Protein chains: 2
Amino acid sequence: MGHNRATLADVARRAGLSKTAASMVLNGREGTRLSAEAHQRVFAAAEELGYRPNVAARSLRTRKTATIAFVSDIVATTRFAGDLIRGALDAARERDHVLLIAETQGDPAFERHAIDAMLDRQVDGVIYAAMATRRLTVPQALRAGPVVLLNATSPDDLPCVLPDDEGAGRTATTTLLDRGHRDRIAVIGRNRLKETDPEVSLAAAARLRGIRAALADVGAGVPREVFCQDWLPEHGYAAMRTLLRRPDRPTAVVCMNDRLAFGAYQALAEAGLEVPRDVSVVSFDDDPIAAWLRPGLSTVALPHETMGRRAVELLLDDRAIGSTVVPMSLRRRGSVAPPADPGPPDAAGPGPR
Amino acid sequence: MGHNRATLADVARRAGLSKTAASMVLNGREGTRLSAEAHQRVFAAAEELGYRPNVAARSLRTRKTATIAFVSDIVATTRFAGDLIRGALDAARERDHVLLIAETQGDPAFERHAIDAMLDRQVDGVIYAAMATRRLTVPQALRAGPVVLLNATSPDDLPCVLPDDEGAGRTATTTLLDRGHRDRIAVIGRNRLKETDPEVSLAAAARLRGIRAALADVGAGVPREVFCQDWLPEHGYAAMRTLLRRPDRPTAVVCMNDRLAFGAYQALAEAGLEVPRDVSVVSFDDDPIAAWLRPGLSTVALPHETMGRRAVELLLDDRAIGSTVVPMSLRRRGSVAPPADPGPPDAAGPGPR
DNA sequence: CTGTTAGCGCTTTCAA
DNA sequence: TTGAAAGCGCTAACAG
């Protein structure tokens with residue numbers, strides 16, 4: 001690849017100057033001024049030869065590669081991984097950097113291998129990303145240089161970028177409260193494991209805190225909460241059925257993520273209930289599916305693209321300290337409306353329509 | 001990053017040998033044999049110092065970087081991008097290579113920039129990926145070295161990796177035929193632009209060819225085909241409503257992708273029709289949503305992970321010639337059943353349940 | 001069998 | 001104002 005590229009020596013020769021002179025002109029070094037004419041000649045020569053510096057050679061000297069390692073546990077599983085990467089890519093491009101990516105698949109051997117591979121290539125820094133917001137411990141090898149955790153924290157307070165899940169919880173809930181829901185709001189997606197083990201999830205507990213805080217602010221009653229084994233559509237479906245079986249059907253539910261909400265939609269439709277007329281729904285993530293549902297699902301979006309971008313900014317500006325929390329904002333679609341009417345606290349719900 | 005790494009000189013010194021000797025041992029060069037004891041000493045020294053070669057330095061000499069550029073038009077939009085990358089990543093890891101990624105966003109300026117950045121870093125080859133299977137022209141700059149097109153072809157027959165969309169069309173259709181559907185199969189998602197402009201899509205025409213061929217094989221009638229402006233759920237929804245409005249409701253539909261199928265499901269549910277009892281559905285892609293629908297959607301999966309892997313293999317083994325077509329296989333879920341009964345070719349359908 | 005000597009292409013003292 | 005020379009860490013000729 002790139003066989004006969006012109007070298008700096010070629011440029012210098014053509015310009016009738018030394019490599020030093022050429023180098024200085026091309027790098028805009030002010031250390032010592034060359035004649036305007038020398039500048040001209042060098043630029044002209046470089047232009048004519050289509051000169052491009054060899055980054056490997058340069059970095060051997062400068063110990064800078066303008067390359068960032070992006071190491072994540074899993075890249076493919078979720079669409080969100082792409083957003084994280086895209087944000088990082090954008091920011092990197094703006095600063096003339098490039099991303100070397102690797103995936104550990106949660107396997108320590110792969111991880112070790114990946115990190116070595118990156119370090120061997122003298123990357124300027126490492127972004128260590130998790131696909132689910134969580135706490136993790138970064139391998140010792142990374143301590144050698146700048147690191148930013150993306151969508152993760154570590155026990156030892158490395159600089160990190162996180163989404164504001166607690167704020168998101170408030171936002172979701174407030175949306176409901178603003179429309180007049182209050183004492184019959186339910187929560188779908190409580191999960192002991194996700195809420196208690198920070199290595200599994202940081203989002204679950206934070207979202208719940210936000211939800212409860214918003215409710216407490218207006219003195220609303222404790223919401224009905226349904227536990228789910230995981231956050232997949234089938235669990236949301238089951239949870240919603242559970243809720244519908246009870247006497248006082250909720251006027252609104254907040255689902256811990258969009259997949260749960262999708263399942264909830266399915267159960268609602270099956271019960272002949274209409275969103276948002278009979279039940280309002282809000283959730284989190286802004287999975288593509290949120291826009292595809294009928295009606296569109298109002299959801300608090302994960303700011304993954306911004307997070308990815310922020311991570312490289314922190315890394316390169318090395319003002320990276322503490323945690324950077326990125327706000328999450330509501331994508332308003334059609335799934336929220338005022339409660340139909342208080343209704344008698346008995347029946348499970350009317351038939352279709 | 002990686003400040004005080006031991007260098008080859010350190011290892012040599014510690015082993016009491018020359019850099020040359022150390023280099024040879026470490027690289028397992030057989031050119032000239034060193035004493036067994038020398039081997040021992042070198043390995044021991046390297047081990048003790050935690051020596052790792054500096055890839056930049058090495059590549060300055062060898063002109064090999066063990067780095068592959070992965071340039072794509074869009075990485076984030078679809079989940080499939082992740083699969084392509086993941087496959088490539090896996091294959092690269094197995095061969096001790098690493099991926100430098102960049103995204104052009106379809107912008108020629110970005111593209112130029114990205115390619116320069118990669119070439120400046122002396123990558124060993126380039127994988128040029130498109131997110132929708134299509135034809136494209138690769139920038140001249142890439143002709144300098146090995147290139148493999150991923151999910152794309154070019155007018156000048158660069159080596160490429162493509163999914164077998166025509167086979168997929170046959171597979172989808174055959175699934176229906178095998179269950180007894182025949183003359184009342186409909187197709188959702190015809191699209192003039194996608195079918196005629198190879199720079200937009202290669203998949204649409206190929207899938208359609210496959211569908212028709214399978215039908216022709218059994219002498220089935222020409223299917224009812226509905227055009228869609230795009231392949232999004234809303235279009236599938238509209239298309240299905242159109243079909244249901246006609247007198248002879250289809251017993252089965254093949255949708256050009258899963259998003260259309262999702263829309264079709266919505267229209268079916270709304271009409272009080274049940275999948276697969278009243279209408280069977282098959283489609284293409286294996287979008288995550290296919291597994292989330294109720295019942296699960298049978299769909300012919302895009303083999304993106306395999307494709308990504310294949311691209312790397314072709315590039316590195318440089319036996320890269322012509323096009324490599326990767327088969328697509330059916331994910332059998334619950335959306336296909338035998339037709340209920342021939343039924344009178346009149347009514348639009350019964351009420352709910 | 002082993003070690004010395006040149007570079008790869010670049011930046012950076014240091015002298016002229 | 002400019003240029004020669006050294007050297008980043010490594011490998012490949014070429015002598016010993």
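Which residue stands opposite Val98(B) in β2(B)? In this predicted model, the residue is Thr67(B). Strand β1 of chain B, residues 67–72, runs parallel to β2(B), and six bridges join the two. On chain A, strand β2 (residues 98–103) is also joined to β2(B). That pairing is antiparallel and has three bridges. Within it, Leu99(A) has Ile101(B) as its bridge partner.

Strand β2 of chain B spans residues 98–103 and is mostly covered. Six of its six residues are buried. In a regular strand, side chains alternate between the two faces of the sheet. Both faces of β2(B) are covered. One side carries Val98(B), Leu100(B) and Ala102(B), all buried. The other carries Leu99(B), Ile101(B) and Glu103(B), likewise all buried.

Two packed helices are described by the angle between their axes and the distance between the axes. For α1(A) and helix α2 of chain A (residues 19–26), the angle is about 105° and the axes lie 8 Å apart. The two helices α1(A) and α2(A) are therefore roughly perpendicular. From α1(A), the contact involves Leu8(A), Ala9(A) and Ala12(A). From α2(A), the contact involves Lys19(A), Ala22(A), Ser23(A) and Leu26(A). By class, the residues of this contact are five nonpolar, one polar and one charged.

Arg13(A) has 59% relative accessibility, so the residue counts as exposed. Asp10(A) has 23% and therefore counts as partly exposed.

A second bridge pairs Asp165(A) with Arg207(A). The closest N and O atoms are 2.8 Å apart. This pair links distant parts of the chain, 42 residues apart. Asp165(A) belongs to helix α7 (residues 165–178) of chain A, and Arg207(A) to helix α9 (residues 203–217) of chain A. Asp165(A) counts as buried because its relative accessible area is 3%, under the 20% cut-off. Arg207(A), at 2% relative accessibility, is buried as well.

In chain B, the side chains of Lys194(B) and Asp230(B) meet in a salt bridge of 3.2 Å, N to O. Lys194(B) lies in helix α8 (residues 192–196) of chain B. Asp230(B) lies in the loop between β7 (224–227) and α10 (233–245) of chain B. The pair therefore ties together parts that are 36 residues apart in sequence. Lys194(B) counts as buried because its relative accessibility is 16%. Asp230(B), at 30%, counts as partly exposed. Elsewhere, salt bridges that share partners form a network in chain A. Glu94(A), Arg309(A), Arg310(A) and Glu313(A) are joined in it.

Glu274(B) occupies the loop between α11 (258–270) and β9 (280–285) of chain B. Its relative accessibility is 32%, so Glu274(B) counts as partly exposed. The C-alpha atoms of Glu274(B) and Ala44(B) are separated by 70 Å. Along the chain, Glu274(B) and Ala44(B) are 230 residues apart.

Definitions and conventions:
Residues numbered from 1 in each chain as written. Chains lettered and ligands numbered in written order. Predicted model: local features only at pLDDT ≥ 70, side-chain atom pairs only at ≥ 80, totals over all residues. Heavy atoms only, no water. Buried < 20%, exposed > 50% of the residue type's maximum accessible area, 1.4 Å probe, protein only. Salt bridge = Lys/Arg side-chain N within 4 Å of Asp/Glu carboxyl O. Helix = DSSP H or I, 4+ residues; strand = E, 2+ residues; numbered from the N terminus. Pairing = 2+ DSSP bridges. Axes fitted to C-alpha atoms, helices over the stretch in contact; angles between N-to-C directions. Parallel < 35°, antiparallel > 145°, perpendicular 65-115°, else oblique. Contact = heavy atoms within 4.5 Å. Nonpolar A, V, L, I, M, F, W, Y, C, P; charged D, E, K, R; others polar.
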